[in-house]
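Subject: Structure handover

Hi,

My notes follow below it.

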Amino acid sequence: MKCPNCGAQMKEGRLYCEKCGTEVQIVPDFEPELENSIHTTLSNVATEITEPPVEPPVEPPVEPPKKTERKKRWFWLLPAALLGLI
């Protein structure tokens, strides 16, 4: 690693330069513009997430056959079975 002040080579694990005595800054400088842009982006994402989802169209339920249709089927099925037996 090089010293940001004098450019001398520093030993690993050192927090200051042995040549000029400048401390090495491990944490980057705070940038308010970057913080504001991150906050804006995250708030936009939060509003997109909280919007209600679009529901798929509801299909009408399938109705079972009516009782009159069942009676008609038995009405014709019974005589046909009797004729078949005869």
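E18 is partly exposed, with a relative accessible area of 48%. This is a predicted model, so please read every value here as computed from it. E18 pairs with R14 in a salt bridge, and their closest N and O atoms are 3.6 Å apart. The cut-off for a salt bridge is 4 Å, so the pair qualifies. R14 is also partly exposed, at 34% relative accessibility. Side chains of opposite charge can pair when their charged atoms come close. A search of the whole structure finds one salt bridge.

Next, the cysteines. How many disulfides are there? The count is zero. C3 is in no disulfide; its nearest cysteine sulfur belongs to C20 and is 3.6 Å away. For C6, the closest cysteine sulfur is that of C17, at 3.7 Å, which is too far for a bond. A disulfide is a covalent bond between the sulfur atoms of two cysteines. C6 is partly exposed, at 37%.

C3 turns up again in the core. Which residues form the largest nonpolar core? There are five: C3, A8, M10, C17 and V24. A8 is in contact with M1, K2, C3, C17 and K19, leaving aside its neighbours within four places in sequence.

Now the chain as a whole. Buried residues make up 6% of the 86 residues in the protein chain. The chain has two helices and zero strands. Among contacts with a separation of 6 or more, residues 24 or more positions apart account for 0%.

Last, the surface. The protein chain exposes about 8,800 Å². Carbon and sulfur atoms supply 62% of that area. L15, Y16, I26 and V27 make a nonpolar surface patch of about 440 Å². One of these, L15, sits in the segment before helix 1, which spans 32-50.

Best wishes

Technical notes
Residues are numbered from 1 along each chain as its sequence is written. This is a predicted model: local features need pLDDT of at least 70, side-chain atom pairs count only at pLDDT 80 or more; totals for chains, interfaces and linings use all residues. Side-chain values use heavy atoms; hydrogens and water are left out. A disulfide is a pair of cysteine sulfur atoms within 2.5 Å. Buried means under 20% relative accessible area, exposed over 50%, partly exposed in between (1.4 Å probe, protein chains only). Helices (H or I, at least four residues) and strands (E, at least two) are DSSP runs, numbered from the N terminus. Contact means heavy atoms within 4.5 Å. Accessible areas come from the Shrake-Rupley method with a 1.4 Å probe; for residues, only the protein chains shown count as cover. A nonpolar core is a set of buried Ala, Val, Leu, Ile, Met, Phe, Trp, Tyr and Cys residues joined through side-chain atoms within 4.5 Å. Patches are made of residues with over 30% relative accessible area and no salt bridge: like charges are joined within 9 Å, nonpolar side chains (Val, Leu, Ile, Met, Phe, Trp, Tyr) within 5 Å. A salt bridge is a side-chain nitrogen of Lys or Arg within 4 Å of a carboxyl oxygen of Asp or Glu.
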